Each structure stands twice: as structure tokens, then as C-alpha cells.
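Trainee: I would like to go through the side-chain contacts of this model. Please show me the sequence and structure.

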Amino acid sequence: MRSVMCGLMATAALWCGMAAVQTAQAQDKTLYVAAYGGSFEQTMRKDIIPAFEKANGVKVEYVAGNSTDNLAKLQAQKGNQQIDVVILDDGPMYQAVALNFCADLDKAPVYDQLYDLAKMPSGKAINFGAVGTGIVYNKAWFDENKIPAPTSWKDIEDPRFKKKLVVPPINNSYGLHALVMMARLDGGGETNIEPGFKEFKDKINPNVLAYEPSPGKMTELFQSNQAVIAIWGSGRAKALADTGFPATFTYPKEGGIVLGSAACQVAGSKNAPEAQKFIQHMLGVEAQTALAVSAGFGPVNKTVELPADKQAGIPYGPEQVGKLLVVDWDTINKNREVWNKRWTREIER
């Protein structure tokens, strides 16, 4: 009997030892997540990452950069990827999928809770949040100078905003959306971008203080009163307003454009199971609520319920999201490299 007990104890000790080793190995794992900087990074570090690390015993290293930067990192690391999860705007994510940088998403119950808007056709990436591109302005400056609030995309051409307008460059989705809308309003569009370039060159450029891609720098330009109006996203505008700055966001009467933010597990990731879990974690109710409240991302999880005072400034629910315009990413991505070069040569020269 004693030998049996000793055997059982030895077996238990062995299992405990194996469990301890597995736990230690999990805690030794580092998951590399490449995503946006600015207010989004702050929300991720404060509200999203700690809960994931605690639940999974994994350390998360955050690699900050805009979508263009992070897509370039994937291209530079091809064949030896150092990033496990990449977060990109929807347009660059279509490119990442086409370049085979994304692995198939595992099946999980949380995906059944999402709006159709969240699901990308490839099954390799998922939109975890939606914002809208429109106009943000300094309400206090507008009131002081008795200038009515902007209501149209064309309002950024007003000479009263000379050297007070900021627009991201077109390698950033906000700037690209502005170019497309200017083309559409002058009879063109994604398949005829010429009117958009002409509008920027002739009528918008004189007002531009900077073609600024950095959210942090954009915020500084507003806070120093160098900039009073900009093309930007609803989430970025909300983050600026939450600091107490009199920033107001508006969708132009011609329509705002939806900007999805997407995540994928990088193909070749050394931590594929943890990467899949991280993406699923971002789609859960707690993470979706935090992204909405702190970073201004419209929830894509249908089960998220936000109080009325937290819904302001973000696309929320099927009706609001449904009113936003969409762009033709297939056409855009075929032409984007040429457009970027032309933009640098003709607009930002």
C-alpha cells in the first residue's frame, strides 16, 4: 500500500513539475504586436495588454508605428518574421493579405458576435474597430473668429484657413480618403483620381500648414494653435477632445468615410497560438468597450452596450456605421504606389 501511495505521489509530483515547466515556458514567451502609436497605444498598454498578459502568462512587446511603417516591417522581415500580430488600417491590411503576410484565423465563438463589417473576405484578418474620416476643428477658435462650423469637404479650401490646415499624407488612410473625396466631388473617383490631385494642388495646398502623419504631432499643432482645422479620424479627434481641448469632429454633408482597423496573425509567427488568442481578446466585450471609450473605435462586437454619454464621437450600432461611405480598396491598392510617388512630387514638394 505504501509503495502504491509513493508511486501516486511521485506521479503527482511529476505532473506538477511538468505543469510548472509549461507555465514557466508560457511566461517566458514574448508576443510582438505591431500597431499604431498615440492615443491608441496608450489604450492598448493600459486597458488591453495587461489583462491578456495576466490571463495567458505571456509578455507583450508593443511595436509602435503607422500602417505604412508596420507593413514595411513585414516586407523587410519576409522569411524571418519578428512580429506576431500586426494591426493595420483596412487598406494596408488588404495589401498585407495579398502579399501572404497573414495566416488564416482560427475559428472561435467571438467571431459569431461581430457585425458583417468586421469580416474581411480572405478569412485571414478581422476588423476590430471602426472610425470615420471627417473634419476636426478648434471650436473655440472658430467661435472667437465668428466662423461657422465646417459642413463640407470643400470647406478646407476656405482662404481663412491659410497655413492653418493639417492633412495627413496619402500613405495614411485619412489623407487618402480626402484625396478620393475631392476626386469624387469633382466628377472623378478611385478610377479617375486626376480631379483630386488638381483640387489639392490648386485650392487646398495654400491652406496646408503640414502634411502630418504623426498623431502626436497633429495633437501638438492643435494645442499650440498653429492648426485650427484638419482632416482626421473620429477616434483621434475624440482622444484630443478628451484632453480638454475644444476639438469638435464633424462628418461632412457629402459623407464621412469608414476606416476599419484590422488585425492578423503574421504568417510564420513563432507564437501563433498566442497571436490568435490576442486577436480574439481584442474582440471581446471588455476590450471592445475600452477601445470605444478610450480610443474612440466604434465596436464591431454586436453585444457591446455603451451608455449614451460614451457613444458620442464614434460610429456605434448598425445604423451609424451603415451611413459611412466606403472606398474601393482593390482599385486603390493597384494604383497606390504610383499615387504616392505623384503626391510626393506634386503636392508635398
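Trainee: Which residues form one aromatic cluster with Y36?

Mentor: This is a predicted model. One aromatic cluster takes in Y36, and its other members are F40, F128 and F297.

Trainee: What kind of pair do the rings of F52 and F278 make?

Mentor: The structure has 14 aromatic pairs. For F52 and F278, the ring centres are 5.0 Å apart and the planes stand at 85 degrees. An angle over 60 degrees counts as edge-to-face, so this pair is edge-to-face.

Trainee: How many residues apart in sequence are the parts that F52 and F278 tie together?

Mentor: Both F52 and F278 are buried. F52 belongs to helix α2 (residues 38-56) and F278 to helix α10 (residues 272-282), so the parts they tie together are apart in sequence by 226 residues.

Trainee: Is the disulfide of C102 and C264 left-handed or right-handed?

Mentor: The structure holds 1 disulfide, joining C102 to C264 with an S to S distance of 2.2 Å. The torsion about the S-S bond is about -70 degrees, so the disulfide is left-handed.

Trainee: Where in the structure does C264 lie?

Mentor: C102 and C264 are both buried. C102 sits in the loop between α4 (90-98) and β4 (126-138), so the pair ties together parts 162 residues apart in sequence. C264 itself lies in strand β9 (residues 257-265).

Trainee: Which residue lies over the face of F197?

Mentor: The distance from the ring centre of F197 is 4.2 Å. The residue over that face is R342.

Key. Residues numbered from 1 in each chain as written. Predicted model: local features only at pLDDT ≥ 70, side-chain atom pairs only at ≥ 80, totals over all residues. Heavy atoms only, no water. Disulfide = S-S within 2.5 Å. Helix = DSSP H or I, 4+ residues; strand = E, 2+ residues; numbered from the N terminus. Buried < 20%, exposed > 50% of the residue type's maximum accessible area, 1.4 Å probe, protein only. Phe/Tyr/Trp six-rings, centres within 6.5 Å; stacked < 30°, edge-to-face > 60°. Lys NZ or Arg CZ within 6 Å of the ring centre and 35° of its normal.
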